[in-house]
Amino acid sequence: MTMTNPAATNPAATETAATNPAATSPAVRTAVVTGASSGIGEATARRLAAEGYRVVAAARRRDRLDKLAAEVPGVRPVTLDVTDQASVDALAASLERCDVLVNNAGGAFGLESVAEGRVDDWQRMYDVNVLGSLRMTRALLPKLIESGDGVLVMLTSTAGLVSYEGGGGYCAAKHAQTSMTETLRLELCGDPVRVVEIAPGMVRTEEFAVTRFRGDAERAAKVYEGVPDPLSADDVADVIAFAVTRPSHVNIDRLVVRPRAQAAQHKVHRVAPAT
């Protein structure tokens with residue numbers, strides 16, 4: 001499949017080519033983004049393509065990936081289930097190189113208390129967020145090291161730093177993911193791989209809260225009710241791109257990003273509806 005370098009056709013990519021090594025290196029750098037069929041993953045795939053990367057957009061919903069690839073030059077769609085080792089291995093085997101891995105695939109299921117928690121929900125959250133990141137990291141770490149300047153991005157959450165009622169399973173999974181990121185940074189010290197954690201707060205995407213509330217769109221909407229300008233997927237993608245495109249000696253260990261209206265996990269400014 002012939003890939004087009006977006007830097008040749010995209011003004012935003014041309015503008016950044018002077019400072020972004022991915023846009024000027026003889027071999028176009030490759031970024032793998034998991035969970036790329038919607039939300040932050042899709043926005044990140046679009047943004048890294050604009051930065052000059054060849055982007056492998058990976059997720060389960062191939063129809064959405066094909067649509068993304070048709071819209072964005074430089075994006076290659078790959079069907080991936082991060083909970084399936086064979087699927088992860090197949091993706092890894094298909095790559096000639098990997099310079100950036102964005103472990104974005106994840107999600108929250110349910111908002112019950114720990115006492116009422118559903119084991120299957122906790123299992124799904126751990127399998128996708130934690131073990132999915134483990135599978136992808138193990139599979140692609142050799143290629144990241146081989147690149148000579150690899151970047152491993154772990155998309156966690158402020159839920160991985162501060163717990164809250166009703167978030168037991170999700171917080172546990174995200175705390176584990178945060179711990180994995182910190183451990184990787186220690187273990188890879190001396191190798192040519194930067195390990196970056198991006199921990200967003202309140203982000204409004206089309207699916208996250210709806211999935212958490214098992215398809216109840218009305219209940220999901222109340223999460224953001226009255227909140228002026230929660231973060232968007234593009235906001236987080238912008239932060240990811242910033243971290244990835246720093247000079248090779250600069251590592252963004254952890255970047256917490258929240259909307260201005262959210263001072264902390266439990267402190268959110270809301271505006272009463274006009275009467």
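Which residues in α6 meet which residues in α7? Select Trp122, Met125, Tyr126, Asn129, Val130, Ser133, Leu134 and Thr137 in α6, and you will find that they meet Gly168, Gly169, Tyr170, Ala172, Ala173, Lys174, Ala176, Gln177, Met180 and Leu184 in α7, where contact means heavy atoms within 4.5 Å. By class, this contact has 11 nonpolar, six polar and one charged residues, with Ala, Val, Leu, Ile, Met, Phe, Trp, Tyr, Cys and Pro counted as nonpolar, Asp, Glu, Lys and Arg as charged, and the others, Gly among them, as polar.

Before going on, note that this is a predicted model, in which local features need pLDDT of at least 70 and side-chain atom pairs count only at pLDDT 80 or more, while totals for chains, interfaces and linings use all residues. Residues are numbered from 1 along each chain as its sequence is written, and side-chain values use heavy atoms, with hydrogens and water left out.

**Stop 1: α6 and its partners**

Keep α6 and helix α7 (residues 168-187) on screen: their axes come within 8 Å and cross at roughly 15 degrees, the axes being lines fitted to C-alpha atoms, for helices over the stretch in contact, with angles that run from 0 to 180 degrees between N-to-C directions. Helices (H or I, at least four residues) and strands (E, at least two) are DSSP runs, numbered from the N terminus. α6 and α7 are therefore roughly parallel to each other, a label for angles under 35 degrees, whereas those over 145 count as roughly antiparallel, 65 to 115 as roughly perpendicular and the rest as oblique. The crossing of α6 and α7 is right-handed; a crossing has that hand if the near helix is turned clockwise from the far one by less than a right angle, and is left-handed if anticlockwise.

**Stop 2**

Select arginine 135, which lies in helix α6 and, at 15% relative accessibility, counts as buried, the term for under 20% relative accessible area, with exposed meaning over 50% and partly exposed in between (1.4 Å probe, protein chains only). Leaving aside neighbours within four places in sequence, arginine 135 is in contact with Val82, Thr83, Gln85, Val88 and Asp127.

Glutamate 146 also lies in helix α6, but glutamate 146 is exposed, with a relative accessible area of 65%. Draw a C-alpha to C-alpha distance from glutamate 146 to proline 192, and the two are 8.3 Å apart in space although 46 residues apart in sequence.

Move on to phenylalanine 109, placed in the loop between β4 and α6 and buried, with a relative accessible area of 10%. Not counting residues up to four places away in sequence, phenylalanine 109 touches Asp121, Arg124, Met125, Thr211 and Arg212.

**Stop 3**

Now show α3 and α10, whose axes come within 8 Å and cross at roughly 50 degrees, which makes α3 oblique to α10. Here Gly39, Ile40, Ala43, Thr44, Arg47 and Leu48 in α3 meet Ala233, Asp234, Val236, Ala237, Asp238, Ile240 and Ala241 in α10, a contact of eight nonpolar, two polar and three charged residues by class.

From here, highlight Leu48, Val55, Val75, Val153, Ile198 and Ile240, which touch the most other members among the 36 residues of the largest nonpolar core. Such a core is a set of buried Ala, Val, Leu, Ile, Met, Phe, Trp, Tyr and Cys residues joined through side-chain atoms within 4.5 Å. Elements giving two or more residues to this core include β1 (30-34), α3 (39-50) and α10 (233-244), and α10 gives the most, with eight residues. A second, separate core of 34 residues includes Leu95, Val130, Leu140 and Met180.

**Last stop: aspartate 229**

Finally, select aspartate 229 in the loop between α9 (217-223) and α10, where this residue is exposed, with a relative accessible area of 67%. Aspartate 229 has a positive phi of about 55 degrees although it is not a glycine; most residues other than glycine have a negative phi.
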